Number of protein chains: 2
Amino acid sequence: MTRRKFKFWGWGYADEHASHEERERLKDFYAQRFSVSQWDEVAPPVVGEIPLPASRISAPDTLAAISSNESEDRLIHSYGKSYPDSVRAFARQFPAPPDLIIRPRNENDVVAALDFADTVNAAVIPFGAGSSVVGGVETAVSGNFRAVISLNLQHLNRVLEVDPISRAARIQAGVLGPQLESQLKPHGLTLRHFPQSFEYSTLGGWIATRSGGHFATRLTHIDDLVESTRVVTPAGISESRRLPGSGAGPSPDRLFIGSEGILGVITEAWMRLQARPRFRASKSIRFTDWQQATEAVRVLSQADLYPSNCRLIDSEEAVTTGSGDGKAHILIIAFENADHAPDAKMQRALEIVAQYGGQWQTETLESPNAHHSGEAGAWRNAFIRAPFYREVLTGMGVMYDTFETAITWERFPDFHANLIDTTRRIIREVTGKDGSVSCRFSHVYPDGPAPYFSFYALPKRGAELAQWYEIKNAVSDALIAAGGTITHHHAVGRDHRRWYDLQRPEPFATGLRAIKRALDPNGLLNPGVLIDP
Amino acid sequence: MTRRKFKFWGWGYADEHASHEERERLKDFYAQRFSVSQWDEVAPPVVGEIPLPASRISAPDTLAAISSNESEDRLIHSYGKSYPDSVRAFARQFPAPPDLIIRPRNENDVVAALDFADTVNAAVIPFGAGSSVVGGVETAVSGNFRAVISLNLQHLNRVLEVDPISRAARIQAGVLGPQLESQLKPHGLTLRHFPQSFEYSTLGGWIATRSGGHFATRLTHIDDLVESTRVVTPAGISESRRLPGSGAGPSPDRLFIGSEGILGVITEAWMRLQARPRFRASKSIRFTDWQQATEAVRVLSQADLYPSNCRLIDSEEAVTTGSGDGKAHILIIAFENADHAPDAKMQRALEIVAQYGGQWQTETLESPNAHHSGEAGAWRNAFIRAPFYREVLTGMGVMYDTFETAITWERFPDFHANLIDTTRRIIREVTGKDGSVSCRFSHVYPDGPAPYFSFYALPKRGAELAQWYEIKNAVSDALIAAGGTITHHHAVGRDHRRWYDLQRPEPFATGLRAIKRALDPNGLLNPGVLIDP
């Protein structure tokens, strides 16, 4: 393995953890919130503790050099990084690890792996870096399979070609975010796609799951950055043309973007790049009134300004993330650009937010790196570190999770109140104690925001999973009934299937099922995700 | 019929024509170009001249009130508005008109019409306003059908609901551009989608064909303006959720956008609207060197400025359209906005073009309506009137046609030279005389332009169609071999099928075929377009 080893029971690499200081801060914060005097912590699992079923298949000679059924490897490929994944890991429950991990070195290996899987009737779970929070890479699949193979694309990690004239590059799908950016940097170019999982996710994963970057508007979704795709399907290799635009039938790329590994394995893509930003302006705005704050963001989103950051964080989330005192909602506005100073845009944005009661400290106005300091900096740090906190919290017995969606502006106030109320109520009903739910906007569009909710609760020890399902079900039911999408950028995976089935139009499902049967006639690819063939 | 009658043999309404002055100017211009002393004009056809085959089916009682098999109606629905359509109309050739035209008053009528078609084994050609230039609405279809029905959606012409908060509206698919904008205007909103066919095309047609508006960048393609769709398929009604963004599986809307009527009949869509622009800046720039001009546009397209207009017109096209003296290539740059003055953007754009030798008259800099006057205004007028000129030219015996594509910047110089050379050569080979080919950019993207080529030739009388096919084939072969798309915004229809078959990835075609079979099992919808089931 050329890649640093990932942690099998939590976020990031095996040697990365929350610091002692962070752990103590988390314990103090939640002790106060739940009136807990002493935490009864469960230690993270170690490999030797976990009994694993024997592998049901072994690699053929032709694939032996790139295959593994080593215990830790199987553990790493069993789960993604969701709350239920974390709970099951701490409970030492790994009943259905993959029988085999195959790591293709090239596209021929991918074809050979799919052929082998077909021969032995094994399900194939495409695996980028395993940061799915929706059960997208889970190897416990239903169906009549003899075995399950996790197909890890980590060796397909190169930028193969850079076109500086059109600003595009041909890139292998298994490349991690930092590997990708470090290969583009010498060319002065960037993909500028920074999901929260940036360090632990891959280009192929981003495309397969319709990943959203952390920028708030325009050129943040992977969908818009794809120029063409190359996908190995059981029915052959699909390669679209490099085109800046096309009106020739429904977009082939848009079929594979968001297909979550059920139609084929993305091996390469030509991606649209940007020059590295040189000009920046950033500002942190405080609002005391939530409705005024959301109105400000709505008007800002409709003003043809397209800020790179436009993150509204409610006062509750500001407290949880240490970026506010709980007295104000915080809106972080930023612009960045490789060609010209965004001053005029920032001035106009501030005029708008001022009309809705937004207030800011004038002295920070000119600081180009304000997003690294102050409230914005505190939030940014919490955002990057948050996934590491989950493994601390799970050990403590605290449930911490998020759900995210999108809704048009005119429905947002009721929608938001409904989801906040539903989440609070169900947490109290299920756990018998008050929890907390907060909201921020991860992305904003002229026709609506993408609200991102974070919640925590103190479930009963040993009943974490059952209580999480009760909460998740109630919240998702409310979200779908109120017109939202079951996911804005986390994907459907296995965890969101029930609500996805309610959301997608039935004739579209009929069509998707037909494509699935045509491209993957034996239904080996990521069974259980999106659609049943 | 509540709609003004369309011309069956040319562009626009039956009472609209090129003016006497326009006709004389065209005759003079092409007489000089082809050294013709006297034009031997063919008169446009009249209904009574044209023998029509008897209708093979008649409407059932339930549909009788909304059905027609009147002669002129059948003629109007026989063809779109392409050059071969024009030639066949002037030749009085209408061998395969629809047997019946059905005009649904509501969605139930659409369902009833599809049911009836299924009962009698009739092909169904969805018809918005018939401005297809690629054979997309042609009723001469192959296959074992008893009859052909043209399904004219003109009565579905209302804006049903306006959401001023999210800036969106629920709109029926049969609405014409001007009808749509006049219903939005009282709300201070606009769809701001202005294809050349604006007056003679419909929302449903735009969605079905991935229409491109006349704006050069961003929010010009109908794809990006669709919030959700409602589509009647033979397998049921598909309705997607109104969402500003979603990551739940491949986009259902993107499957129907560009489906060209083969999967279902689009009846409604929620569309993203914009406030009506209040601020404008426009500038006409002259370049003496084509390569410098294209470089200027490339850099401009990559500078995060997104001009509403960025139309580069080569010197040849400037002459043909009366917007230049042939000594310079003309770049029209414009910005418009509802929220703030675009002065800073225009200043930066001018800095960029100046670096590549672009020159402009300073006194027009401040004119917000410069796009209505001067070179830009002359071009704009020619652009709007050009489709009316075709019917004059066809009568004179002059072949006038266009083809359009897209290509990444790094390939553009060779691609452009190749297509210009190929078109000139094949015109000379086929017609024995020099013709002309010119190029403009209809749209520009950071990764490449959408070049739009116009050509004219003097074919042999009586051999217009055969000579056009020879030219079209040679040009399209070259375009596809050089990596372009067979269409950027005109659609595939029947005319581009041969090259679309080479362009789309084979597994995608397998998938599309599977969807087609699943949603339209008897293959009644627009047979011959995009894919054969």
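How many bridges join strand E16 (residues 436-445) of chain B to E17(B), and do these strands run parallel or antiparallel? There are 9 bridges, and the two strands run antiparallel. The views below come from a predicted model.

View 1. Strand E17 of chain B spans residues 448-457. It is mostly covered, with 9 of its 10 residues buried. Strand E16(B), residues 436-445, pairs with E17(B) through 9 bridges. Together E16(B) and E17(B) make a hairpin, with 2 residues between them. Within this pairing, Phe441(B) faces Pro451(B) of E17(B). Strand E15(B), residues 399-404, is also joined to E17(B), by 6 bridges. That pairing is antiparallel. Here Tyr400(B) has Tyr456(B) of E17(B) as its bridge partner.

**View 2. The contact between chain A and chain B.** On chain A, 76 residues are in contact with chain B, where 76 residues take part. Several elements of chain A each supply at least two residues to this side. The strands are E8 (226-233), E9 (236-239), E16 (436-445) and E17 (448-457). The helices are H9 (252-256), H12 (343-355), H16 (497-503) and H17 (506-519). H17(A) gives the most, with 10 residues. By residue class, the side of chain A that touches chain B holds 30 nonpolar, 29 polar and 17 charged residues.

**View 3. The axis relating the two chains.**

**View 4. Domains 1 and 2 of chain A.** Chain A is divided into domain 1 (20-152), domain 2 (159-275) and domain 3 (279-481). Between the centres of domain 1 and domain 2 of chain A, taken over C-alpha atoms, the distance is 25 Å. Where the two meet, 11 residues of domain 1 of chain A are in contact with 15 residues of domain 2 of chain A. Helix H5 of chain A, residues 107-120, gives the most to the domain 1 side, with 5 residues. That side of domain 1 divides into 6 nonpolar, 3 polar and 2 charged residues.

**View 5. Chain A as a whole.** Chain A contains 17 helices and 17 strands. Its C-alpha atoms fill a box of roughly 65 × 60 × 45 Å along the principal axes. The radius of gyration is 23 Å, which agrees with the value near 24 Å that a compact globule of 533 residues would have. Of the 533 residues, 59% count as buried. Among contacts in chain A with a separation of 6 or more, 74% come from residues 24 or more positions apart.

Definitions and conventions: Residues are numbered from 1 along each chain as its sequence is written. Chains are lettered from A and ligands numbered from 1 in the order in which they are written. This is a predicted model: local features need pLDDT of at least 70, side-chain atom pairs count only at pLDDT 80 or more; totals for chains, interfaces and linings use all residues. Two residues are in contact if their C-beta atoms, placed from the backbone, lie within 7 Å. Helices (H or I, at least four residues) and strands (E, at least two) are DSSP runs, numbered from the N terminus. Ala, Val, Leu, Ile, Met, Phe, Trp, Tyr, Cys and Pro count as nonpolar, Asp, Glu, Lys and Arg as charged, and the others, Gly among them, as polar. Domain bounds come from an automatic or database domain assignment. The radius of gyration is taken over C-alpha atoms; the globule rule is 2.2 Å times the number of residues to the power 0.38. A residue is buried if 20 or more other C-beta atoms lie within 10 Å of its own, exposed if 12 or fewer, and partly exposed in between; C-beta atoms are placed from the backbone. Two strands pair if DSSP finds at least two bridges between them.
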